[in-house]
There are 2 protein chains.
Amino acid sequence: MALSDIKTAERNESGIALALDILKQRFGERFSTGEALRRQHAHSTTYIPAQLPDGVVFAEDADEVQQAVQVCADHKVPVVPFGTGTSLEGHINAPAGGISIDVSRMNQVLKVNAEDLDCVVQPGITRKQLNDYLRDTGLFFPIDPGADASLGGMAATRASGTNAVRYGTMRDNVISLDVVMANGRKITTAKRARKSSAGYDLTRLMVGSEGTLGVITALTLRLQGIPQAISGGVCPFPTLEAAANAVIMTIQMGLPVARIELVNALQVQAINAYSKLDLPVSPCLFVEFHGTEAGVKEQAETFGEIAAELGGSDFIWSTREEERLKLWQARHDAYWSCVALRPGAKAVATDVCVPISRLAECIAETEVDIAEAGLIAPIVGHAGDGNFHVSVLVDDTNPREIEALEKFVERLNMRALAMDGTCTGEHGVGQGKMAFLELELGGALDAMRAVKRALDPDNIMNPGKIVRL
Amino acid sequence: MALSDIKTAERNESGIALALDILKQRFGERFSTGEALRRQHAHSTTYIPAQLPDGVVFAEDADEVQQAVQVCADHKVPVVPFGTGTSLEGHINAPAGGISIDVSRMNQVLKVNAEDLDCVVQPGITRKQLNDYLRDTGLFFPIDPGADASLGGMAATRASGTNAVRYGTMRDNVISLDVVMANGRKITTAKRARKSSAGYDLTRLMVGSEGTLGVITALTLRLQGIPQAISGGVCPFPTLEAAANAVIMTIQMGLPVARIELVNALQVQAINAYSKLDLPVSPCLFVEFHGTEAGVKEQAETFGEIAAELGGSDFIWSTREEERLKLWQARHDAYWSCVALRPGAKAVATDVCVPISRLAECIAETEVDIAEAGLIAPIVGHAGDGNFHVSVLVDDTNPREIEALEKFVERLNMRALAMDGTCTGEHGVGQGKMAFLELELGGALDAMRAVKRALDPDNIMNPGKIVRL
């Protein structure tokens, strides 16, 4: 897919002008058309050029979201929901202009139901804010996509991250959503019961819909007890295949690993340089177990046996927080170590996900591809899910590099699809993966389009994302 | 809701006549209009009267399902998908007549991907058939709704059962579906990767859609490793509240309980009589842990401590299969012991699900209600999910008893909704819960209706279920 596919769409100039006037009147200082602010609401960590909204509303409650959506609905003006802007595939761009509804001020915890292990939050709260709030309750929200994203945004993009292998993704951890739909009506998708078979799963339909079906105004989330004990460690392997086989055996044995991260040799090299470590420059697995003292010790030992059987070097692990964090520091530094590999370059992150039996093969072929394309691009994978990220370091002012990047991303996606994988395990489709989604699911896109048209007949909700209409 | 709400809908007589002719020609002996067979395809374990389809097609592959749906689509004739007919809320009734597509002959395992812990199956295979097939692989499919249901039906009704507290429901264990849509086109909802954020979650939209959006023709399912060890046991509690608090504490501590079943005093009495046991006649918890030898021992011991703290009598447990099965026999006999409480009566099973903090209160109020209504109705709950079943023993030839039953079911549902619960945790909506679904989700029903109309504009897919159009 070429950048030229990401078009600026037709603008409804008269509708936009009217909406801007009405929103200015209604929201006063909490509505802005200043360029710096609009630019900040369309930034992206991809190579996709920014497409600015015409105005930004800072909504402070669900009623205000509803009012703003209603104005946009009345005048057929695009609505682009905005949380923290940490999404990666152009989700917050406004190809046809319109209004960015910023919910970052809606960042309150509305209720913690400790006995039920759930809570109700506003969409703008970030995962760190939520976990800080929860600390004294002995509970935590487990999904960790890396960035300190807003929960509304995490739900909208079906985010996951390092510990999805144990706790699932946003798909599994949202009980219910309040959503303002394209017609301005507010719905609640489910009651607070932990399971339900009451009708179509609107919660799951909204999770991952990337703002194209409505604006999330509240979330009921599942929480977990903070584990009594955590063990964690790192183990180098002679080959990618050996590391991947250790992952497969770990999962097959039902070892309840909380995190199992694969870091390729180039990434280890970057980490060694950045974090002043001397890990062997070969693929490493970073693992973490959550449970009782005895449980996490047993699990780490069992993992050590698996690793040894598959040729892993010493598996060094600890249950002591300080040592454990030190061992994992390298993994946490991955992003910055990566950026340091090529100072001044932009790290463009892309992700695919394949059945874990194909993970080693997919990464190995991708490493060859990267070398042949002359790119610098370390790889980190959420190996337990078969999901991996390539961070391509490019000079994004150089069109030749952008073209090489685009071609690489295309080959990466085609490779994943050929292995029965998906074009995105956790970043979402946005603008960047639309063409690959069509290749991935073919005729199923007609069903997606039908759903989109049914729930948003005027195509005002985050248009130009996920499916072409 | 009264029985009179379950109406026989308007029939498209000319379309049905044409479809019957064409299907007879195309399917020969595998198409039947015999009344006995049609009756068998509309039976129900509820008090809802049978509404027979006009004909039954036995499809042998996805192409045949597609052909049959296409004939029905061409002539605007209802399609009612049929697996084993073990659903409970009138899902297989044909209120406007039409064609029952029986997929029970499509019962093959198409592929086991042991390294990926998944398999691909046809929709007519039952869970016992699947687990028999898998035995030698060391893997199993964990969802156990009690009945030996077909996997297609289990996906369609979003089934769960005793071990959902550990392994999730069908929502969590279906990776991808092949579906023949109302327009006769076949789609695949997802690739085989374990997670994906590629577009709208069509898989979850189909899971729980009860045949109203399409006919499932293949399923890719997540599998689990057969646990190394299982411990299980039973513990009587002085009160429902004490038992429910033990459940809450178990879950809050993150104890990975695989099953935690609450059986009320009347049900214990029934079990004692039927299974010749002498359990104390008070609420009991049946629990089971899956893991390593050391793990399940530790977990059972921890549970014993929790139980003791909350006034539970002796928690008797074992890791030895024979003893464990003996301890659990009582729970497995629940259904038959229940039927034996009132010989000749029909056991009408209904379910609701509430946040677990409200479970004790909801069951206690329901016990009072049952007593006041003069009904005989034991209660068994999947307590870890807040889901419980009431099996009402009625003489279904007696209109007064049916009326009392209906009024009781209405009060039960209203009670669950008032406690932020759902009108069905696992049985589905079908015909029986349509009125309660409207009360439960209000305006969200408009979104469900919009989705239904978009994907099935002529309302041919299992009409008269889930939502009123």
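Helix 9 of chain B is followed by B:Gly254, whose phi is positive, near 75°.

I noted that this is a predicted model, where local features need pLDDT of at least 70, side-chain atom pairs count only at pLDDT 80 or more, and totals for chains, interfaces and linings use all residues. Residues are numbered from 1 along each chain as its sequence is written, and chains are lettered from A and ligands numbered from 1 in the order in which they are written.

Next I checked burial (buried means 20 or more other C-beta atoms within 10 Å of a residue's own, exposed 12 or fewer, partly exposed in between, with C-beta atoms placed from the backbone). The buried residues of helix 9 of chain B include B:Leu240, B:Ala243, B:Val247 and B:Ile251. They pack against strand 13 (257-263), strand 14 (284-291), helix 11 (293-309) and helix 14 of chain B, contact being C-beta atoms, placed from the backbone, within 7 Å.

I then looked at the pair of helix 9 (residues 240-252) and helix 14 (residues 359-373) of chain B, which pack at about 150° with axes 8 Å apart. I took axes as lines fitted to C-alpha atoms over the stretch in contact, with angles from 0 to 180 degrees between N-to-C directions. Helix 9 of chain B is therefore roughly antiparallel to helix 14 of chain B (over 145 degrees; under 35 is roughly parallel, 65 to 115 roughly perpendicular, the rest oblique).

Key. Helix = DSSP H or I, 4+ residues; strand = E, 2+ residues; numbered from the N terminus. Contact = placed C-beta atoms within 7 Å.
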